[in-house]
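This report goes through side-chain contacts, one kind after another. Please keep the sequence and the model in view while reading.

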Amino acid sequence: MISVVYRLLLCASLQVLTTESKSHISVVLVGATGDLARKYLWQGLFQSYVEQDGGAHSLSFYGGTRLSSSEGSPAMYEILKGLTCLPNVPSVRCALLKDQFLKSTQYHQLDTQEDYSSLDTKIKEVLAQEELEEGGRLFYLSVPAFAYADIATKINATCRPRTGSWLRVVLEKPFGHDLNSAQQLAEELQKVLREEEMYRIDHYLGKQAIAHILHFRHDNRHSLDPIWNQHHIERVEIVMKETIDSKGRTSFYEQYGVICDVIQNHLTEILTFVTMETPVNISDSEEIHRNKMKVYASLEKLDGRSAVIGQYQAYNAEVRQELKKPADYTSNVPTFAGIAVFLGSPQWDNVPFILTAGKALDERVGYTRIVFRNQAFCLQNESTRKAESSQCKQRQIIFYVGHGDLNFPAILVSKNLFKPVMKTSGWKQVTEFPDIQMFGLPLSDYYIYTPVMQKDAYAVLIPQILQAKRDSFVNTEDLLASWKVWTPLLKKYSSVNPRIYPGGAQNGDLLDFTVAGRAVTFSRANPVQIIPRDSSHQNIGDYKVTESSFRGSALVSAKAEELIAKLASHLHRVADTTTQKFGKFHLAVSGGSSPVGLFQRLATHHHTFPWKHTHFWMVDERCVPLNDPKSNFRSLHDNLLQHFKIPYINIHPMPVHMNQRLCVEEDHGADLYANDIRMLVNSTSFDFVLLGTGADGHTASLFPKSQALTSDGALVLFSESSEKPHQRMTLSLTAINKAKNVAILITGKSKHAIVSKMSKEVEKPHKWPVTMVQPSDGKLVWFIDYDALFG
C-alpha cells in the first residue's frame with residue numbers, strides 16, 4: 001500500500017512540475033554509440049537528469065552518429081537500457097526517472113549539413129508542441145579531434161538556438177599534440193564559436209578529490225596560508241599510474257605519447273590548482289582563470305635535464321602488429337615519463353613539482369601528494385610519542401583519486417599538521433581504517449575524508465556545463481599557455497630513445513628516478529650503453545650506440561662482467577616478485593659455458609635470493625652420467641647449488657641415466673621429465689628460462705634442421721648434436737615459449753658473426769633455432785655483451 005501511495009505522489013509531483021513554466025535545454029550527444037558514450041557519457045547525462053529533476057530546466061536528449069536511424073537507433077537504445085541510478089535514489093523513483101529519460105531521448109542521424117538542419121527543425125517542433133521556452137542547446141562532441149571544426153561549422157550554420165538562448169559545445173581531449181596543432185585547431189573553432197561557447201573537458205578534473213583541491217584550500221586558508229610555500233613544502237608529487245598498456249590504441253599513442261596524453265593536460269591542470277593564489281571568491285571562474293595564468297607565466301623552461309622517459313617492452317611489437325609496420329620498425333614514443341617542474345616565484349622557489357605518469361606499471365593509482373619539510377628536531381623516542389603530536393613523523397596532504405591500496409577517493413591530512421575544515425554536505429570523515437599504510441604511515445596517522453556519495457567524473461562535470469561553471473574546463477588561453485610549456489620538451493625528446501622496461505611488477509626499481517637541483521636522472525644506470533668503437537679514440541664520432549631492442553625484444557648490453565651482473569640482478573628481481581606472489585619460483589637453466597659466470601655471480605653476490613623457494617630445472621642435458629664433467633647439471637651443482645642449502649625436492653636434473661644406460665627411448669626419460677613439469681609447474685609455464693646460443697644459432701639442444709624443432713606439443717625431447725656427446729635431452733620450443741620470462745645470454749667474439757646475421761635478417765624468424773624462441777605470453781630479453789655485439 002505504501003509503495004502504491006508513493007508512486008501516486010511521485011507521479012502527481014512530476015505532473016505538477018511539467019505544467020510549470022520553465023526553460024528547456026536540448027542536449028545533443030554526437031558520437032552517441034562510441035566507447036566513451038557507452039562507458040561514461042550517457043550515464044553522466046542520466047545522473048545529471050536525475051539530480052536536476054524538478055529544477056529550473058526541463059531537458060530533452062538527442063543521440064547522433066553518422067549511421068542511419070535503422071542502424072544507430074537500436075545501438076543507442078541498447079546502451080540506454082543499462083543506465084543506473086546512484087545508491088541514494090530509491091528504486092521506484094529510479095525506474096520512473098529512467099522511463100522518463102528514455103522517453104525524452106531520441107536518435108537522429110548526424111552526418112551532412114542537412115542532417116543538422118533537420119535536427120534544428122526537430123528541436124523547434126518539440127519546443128512548440130510542448131509550449132516550452134528555449135533556454136539553450138548543449139552539443140557534446142564525443143568524436144575524434146579532427147572532426148571538431150567540421151561539426152562546429154555545421155552547428156553554427158544550422159543549429160544555433162534563438163536569440164537570448166545559449167549554445168555550449170563540449171570538446172573531448174586531445175586538443176592538439178603540440179603548440180602549432182593546438183593553435184590551428186583553436187583558430188578553426190574560433191571562426192564559428194565564441195570562447196564562452198566552448199567547453200574543453202578534462203575528465204580528470206572531475207575526479208572528486210581533484211575537483212575539491214581549490215575548495216579545500218579556500219576552506220582551510222587560515223591553516224594553509226602560513227605553510228603553503230617553499231619554506232615549509234619539500235616537494236609536490238602529481239602521479240597517475242596505470243597497469244594497462246596501449247594495446248588497441250597504438251595509433252593514438254604513436255601520435256601523442258604519455259606526455260601529450262595525460263601530463264600536458266591532467267597533471268598540469270592539477271599543478272595549477274595546487275600553486276595558484278587562493279581565490280577570494282571560489283565561485284568566480286574569471287578569478288580562477290587569472291590566477292591560473294599567473295602560474296603558467298611563472299613556470300620555468302623545461303629542458304633536456306627535466307625528464308626521464310621509458311617505454312614498456314612489448315610496445316614496439318604491438319605497434320608493428322596493429323599498424324602493419326615492417327619488422328625492423330622501432331618507435332621512441334614514451335609510455336612513461338617522470339618530470340620535475342619548477343616555478344620562478346618567491347612562493348615556490350626551488351620546490352620540485354614531480355609529474356609522473358605511465359602505462360604497464362605495477363599498480364593503478366592516482367594522487368597529488370604535498371610533502372612538508374620536517375623542521376623539528378625531536379629527542380624523544382618515536383615509539384613513545386603520540387602520532388598526532390609528533391612533528392618528526394612525515395607531514396603531508398594527499399588528494400587521492402582512487403584505486404591502489406585505498407581504493408576510494410579521499411583527502412588525507414597528517415594529524416600532526418591540522419584538522420581540516422570539510423563541508424559535511426559533500427564529505428564525511430572515515431573513522432574505521434583498513435589495515436594498510438599510506439606512504440609509510442598507518443592510516444590512523446591521518447584525518448581521512450571521502451565523498452558522501454562517490455560519483456564518476458562526468459557526472460561531476462556535466463552539471464557544471466549546464467550551470468555555465470567554467471573553472472574546471474580549459475579555455476583557449478589556458479590551452480595555448482600549457483602547450484608553450486610542453487612543446488619544447490616534446491621536441492627535445494622526440495629523438496631520444498626511452499628506457500625499456502618489462503612492465504608490471506617486474507619493473508622493480510628500473511624506473512626509479514632522482515631529482516638533484518634541476519636535473520632528473522634514473523636512479524639505476526641505463527642498461528643501454530654507449531661505448532667507443534676503439535678505446536684509444538675519444539672523439540664524439542668514434543662512438544657506437546647499442547640499440548635498446550634486438551629483433552623486436554628488449555636488449556641489455558655491456559662488457560661481459562657487467563652484463564652478467566645485470567642478468568643476475570634481473571633474475572633476482574623476477575624471483576623475488578614471483579615468490580612473493582606465488583610462494584615458489586621455477587627456473588630452467590641451460591648448459592654450456594655461457595651460464596657458468598652467472599652461476600658464480602649468483603653464488604657470491606646474491607645471498608638474499610629466495611633459494612629455498614626456487615625449483616631448479618634443466619633446459620637441456622648431455623647424455624652422460626650426472627657426475628661426468630661434461631654434464632650440464634654437474635656444472636650447475638659445482639658452480640651454484642653446492643653453495644646453498646636448497647631442499648633436495650626442489651632440484652630436478654634430467655633423467656638421462658636410467659637403468660644403468662644413457663638416453664634410451666624405451667626408458668621414457670623424456671616422458672618422465674615432462675610429467676614432472678606438468679605436475680609441479682603451474683600450467684607448465686616456467687617462471688624463468690635461461691638460454692644461450694651457439695655459433696650455428698642453436699639454443700638449448702635444438703639444432704638447425706633438427707626434427708626436434710618440428711615436434712608440436714611435446715615438452716621434452718631427445719635430440720642429436722653434431723658434437724660429442726651426440727645424444728641430448730632438451731626442452732622443446734613448446735615448453736620454452738610457454739615461459740613467463742626468457743633471457744638469452746650471448747657472450748664472446750666467437751658469437752659476433754651469428755649475432756650480426758640475426759640482427760640483419762630480422763624478417764627470417766625460423767632461420768635459426770634461437771630466433772624461434774618467441775614466448776607466447778611472456779617477456780624475452782637478450783643479454784649480449786660488447787664482444788658478441790660489436791666484434
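## Aromatic pairs

Across the whole structure, a search finds 24 aromatic pairs. The model is a predicted one. In one of the pairs, the ring centres of Phe 46 and Phe 101 lie 5.2 Å apart with the planes at 65°, so the arrangement is edge-to-face. Phe 46 belongs to helix H2 (residues 35-52) and Phe 101 to helix H4, so this pair ties together parts 55 residues apart in sequence. Phe 46 and Phe 101 are both buried.

Another edge-to-face pair is made by Phe 336 and Tyr 501, at 6.3 Å centre to centre and 75° between the planes. Phe 336 is in strand S9 (residues 336-341) and Tyr 501 is in strand S19 (residues 499-501), so parts 165 residues apart in sequence are tied together by the pair. Phe 336 has a relative accessible area of 3% and is buried; Tyr 501 is also counted as buried, at 0% relative accessibility.

## An aromatic cluster and charges over rings

Phe 46 and Phe 101 also belong to one aromatic cluster, together with Trp 42, Tyr 49 and Phe 61.

Charged side chains are found over rings as well. Arg 168 lies over the face of Trp 166, 3.7 Å from the ring centre. For Lys 325, the charged end sits over the ring of Tyr 329, at 5.0 Å from the centre of that ring.

## Nonpolar cores

The largest nonpolar core is made of 113 residues. Those with the most contacts inside this core are Phe 139, Leu 141, Ile 263, Ile 339, Phe 353, Ile 397 and Trp 486. Which helix or strand gives the most to this core? It is H11, with 12 residues.

With its neighbours within four places in sequence left aside, Trp 486 is in contact with Ile 259, Ile 263, Gln 264, Thr 268, Leu 302, Ile 339, Val 341 and Leu 355.

## Salt bridges within helices

The structure contains 34 salt bridges. One of them joins Asp 99 to Lys 103, with the closest N and O atoms 3.1 Å apart. Asp 99 and Lys 103 are 4 residues apart in helix H4 (residues 91-103), which means that about one helical turn separates them. Asp 99 is partly exposed, at 33% relative accessibility, whereas Lys 103 is exposed, at 63% relative accessible area.

Lys 566 and Glu 562 form a salt bridge at 3.7 Å, N to O. Both are in helix H16 (residues 560-582), 4 residues or about one turn apart. Lys 566 is buried, with a relative accessible area of 13%, while Glu 562 is partly exposed, with 35%.

## A distant bridge and a network

Glu 242 and Lys 359 meet through their side chains in a salt bridge of 3.2 Å, N to O. This pair links distant parts of the chain, 117 residues apart. Glu 242 is in the loop between strand S7 (233-241) and helix H11 (250-275), and Lys 359 is in the loop between strand S10 (353-358) and strand S11 (365-372). Are Glu 242 and Lys 359 buried or exposed? Both are buried.

Asp 120, Lys 124, Glu 134 and Arg 137 are linked in a network of them.

Notes:
Residues numbered from 1 in each chain as written. Predicted model: local features only at pLDDT ≥ 70, side-chain atom pairs only at ≥ 80, totals over all residues. Heavy atoms only, no water. Salt bridge = Lys/Arg side-chain N within 4 Å of Asp/Glu carboxyl O. Helix = DSSP H or I, 4+ residues; strand = E, 2+ residues; numbered from the N terminus. Buried < 20%, exposed > 50% of the residue type's maximum accessible area, 1.4 Å probe, protein only. Core = buried A, V, L, I, M, F, W, Y, C linked by side-chain atoms within 4.5 Å. Contact = heavy atoms within 4.5 Å. Phe/Tyr/Trp six-rings, centres within 6.5 Å; stacked < 30°, edge-to-face > 60°. Lys NZ or Arg CZ within 6 Å of the ring centre and 35° of its normal.
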